[in-house]
Each structure stands twice: as C-alpha cells, then as structure tokens.
Amino acid sequence: MAYSAGKARGTGTTTDLVIGWCVAAASALPALAVSFPFSRAITIRQAQAEVLPAAARYDGLWSVLRRVGREGGGGLGPYYRGAGTALLITTTRAPLTFLLRLVVDNGVTPSPNMPLSLLSSTATGAAVGAGAALVLQPLQFAQTRLMLDMGGGAHGPRLFHNGLGVCRQVVAEAGPRALWTGGLGTVAAMALHRGVSVGLYGGFNGLYSGAGTDGGLAASTLLFRFGLGYTASVVAAAAAYPIETAVARYQVTVPPAPAASAHHRGVLSCIRTVVAHEGVAALWRGFSIKFGTGVAGALGLIGYDMVKANLRGNGS
C-alpha cells in the first residue's frame, strides 16, 4: 500500500504521514477551543446526580452554561476546567486514530459489495476506537474527574486542580487500578461510536460519486459526503451516549468522591440504577448538543478520506 515505508516513495510517504499526523492534531485544536465548554456542560448534565445535591442541580444544558461560570468562581476558568487534559487527549487521539485507521485499512481489501463494505468499515472503526480508548483511558478518567469537580465557588472547595493532581490523589486513596475505572465501558463506547460512524460513512460512501471539471470531487459529491458524515456522526453519538453517561457517573464515585455521589458496582450496574430511579431518558441527558458537534465529526470523516486518497496517490 501507499504508506509502507519500503515502497518506492518510502521517504516521501513517511513525510506525508508525519504531515498527516500534524494536520490531524492541529485541526482538532480550534474545535476543542469552541466545543469544550459545551463538552463540560454535557458531562455535568450526564452526572450531576452524583456530584450535586438535588437543590443545586441544573435544569438543562443552557442552565449549566449560564450558571457554571458564576458558581465555579467566576470568569472563563470554570468553562474550561479540564481543558488542559482534554488538549493532551485530543492532540493524541486525533492523529492516533488517523494512523490506526490507515494501518487497519492497509490490511483490508475494499469490497464493491455494499453489505461487505459496511461490515468491513464498521469493524475497522470499532478496532480503531477500542485501541485509542485503551491507550488514553487514564487521561480520559482524569479529564472526567476534572470536568465534574464542581468546587471553587458556590459548591465548596475544588477536589483537583489539574490532571496530574487527579492521578496522584486517586492513586493515593484508591490505588493505581482506580485510573482504569470504567475502562471497559470507555472501550465499548469508543468502539461503538467509531464502528457506527466509520461503518455508516464507509459503507454508504460509494453510493454517489462524481468528479468536478478540475478533476477533483464535484460539489454535489462533497455535499453528499458531508450529509452522510453528519448523519453517521449523530447516529454514532446516540448509540454510544448511554454508555458514556454511565461511565462518567461511575468514574466520579472513585475516592476522593463528592459527598453526593452514590457507589455503583460497575457501568452496567450504573445503567440499571439510573433507569430504575430516573428513567431511560436520563441516559441521554444533554444529548441535544450532539446535533451541533456532528459537524466536526462529518469534517473529520471527509478529511480522513482526502488525506488517505492523497497518500495513495503519492505512493502510486
């Protein structure tokens, strides 16, 4: 394949891969700056029952966004609590998933049969999502705990001040294994999310294709791919969201834990408890914002296709 170092354009292809890695990381930064306050609001909505007493909870996402700054100590800081760890995760996960997909795709022969293509793309996405989740689990745990640290203002003192502090305190009180709390749930959620998004996009991508007058993709093809990528991203988010909610609620119960938190025995136990006491809809609290973040998912799917096509073209 085009990106094997031993091929005719090995050196050039290696350079292309490095460039692709840097582009994947850099392209994630603007999205993170814009989306992080919403991501924290989503996480708070998902798990506020574990960190806040009933009287202090938020009614919806916009309630979180209106109040979290004021109640967290003022300024922009509360909106970006955990953003440093998220930056490290994002600049690692984006290029990591990019390269993992290239490696997996290299061993998969594209099929003109749509069901086989759908199955192959789904398996590729699931494998990439699971692999990235395994590598980044401790960082993801630290990010979740920071995002759900409601202290610093109206809700008392903060438990943590940075991702390293989370790791040190959790390891001191609960041992190193605690950093992997909810790990299987995180892997399952990422595998499901990536599997569905990459599967739907890759499986149906060949239904419409057209070239522009300059030899590139026609505008109608790009529009079709954007619509397909957006739909795939939103459907994938909906499929994985209940697991992500349970993981967040489970992780926040690890010592040092907020006084309001319950003690779940695992992710599945958390799902059963939430459904029994709050209803099925509670597993999708805060999901509405995903209709906006689906745009970034669509652009990521399209961008990967373009970079992969360029690498294969350079290697031919």
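Apart from neighbours within four places in sequence, Tyr58 is in contact (heavy atoms within 4.5 Å) with Ile44, Arg45, Gln48, Leu52, Ser63, Val64, Arg67, Val68, Glu71, Met150 and His155. The structure is a predicted model, in which local features need pLDDT of at least 70 and side-chain atom pairs count only at pLDDT 80 or more, while totals for chains, interfaces and linings use all residues. Residues are numbered from 1 along each chain as its sequence is written, and side-chain values use heavy atoms, with hydrogens and water left out.

Tyr58 also belongs to the largest nonpolar core, which has 21 residues; Ile44, Val51, Tyr58, Val64, Val68, Leu148 and Met150 touch the most other members. Such a core is a set of buried Ala, Val, Leu, Ile, Met, Phe, Trp, Tyr and Cys residues joined through side-chain atoms within 4.5 Å. Buried denotes under 20% relative accessible area, exposed over 50%, and partly exposed in between (1.4 Å probe, protein chains only). Helices are DSSP runs of H or I with at least four residues, numbered from the N terminus.

The greatest contribution to the core, 5 residues, is that of α1. A second, separate core of 11 residues includes Ala246, Val267, Cys270 and Val274.

Val267, Cys270 and Val274, together with Ser269, are the buried residues of α8. They lie on the same side of α8 because they cover an arc of only 150° around the axis, taken from the directions from the helix axis to the C-beta atoms. On the other side of α8, Leu268, Arg272 and Ala276 are exposed. The end C-alpha atoms of α8 (residues 267-278) are 16 Å apart, in agreement with the 16 Å that its 12 residues should span at 1.5 Å a residue; the expected span is 1.5 Å times one less than the number of residues. Gly279 follows α8 and has a positive phi, near 95°.

Another glycine, Gly82, is located in the loop between α2 and α3 (83-106). Gly82 counts as buried because its relative accessibility is 10%. Not counting residues up to four places away in sequence, Gly82 touches Phe36, Gln143 and Leu146. Its C-alpha atom is separated by 9.8 Å from that of Phe160, 78 residues apart along the chain.

Terms used:
Helix = DSSP H or I, 4+ residues; strand = E, 2+ residues; numbered from the N terminus.
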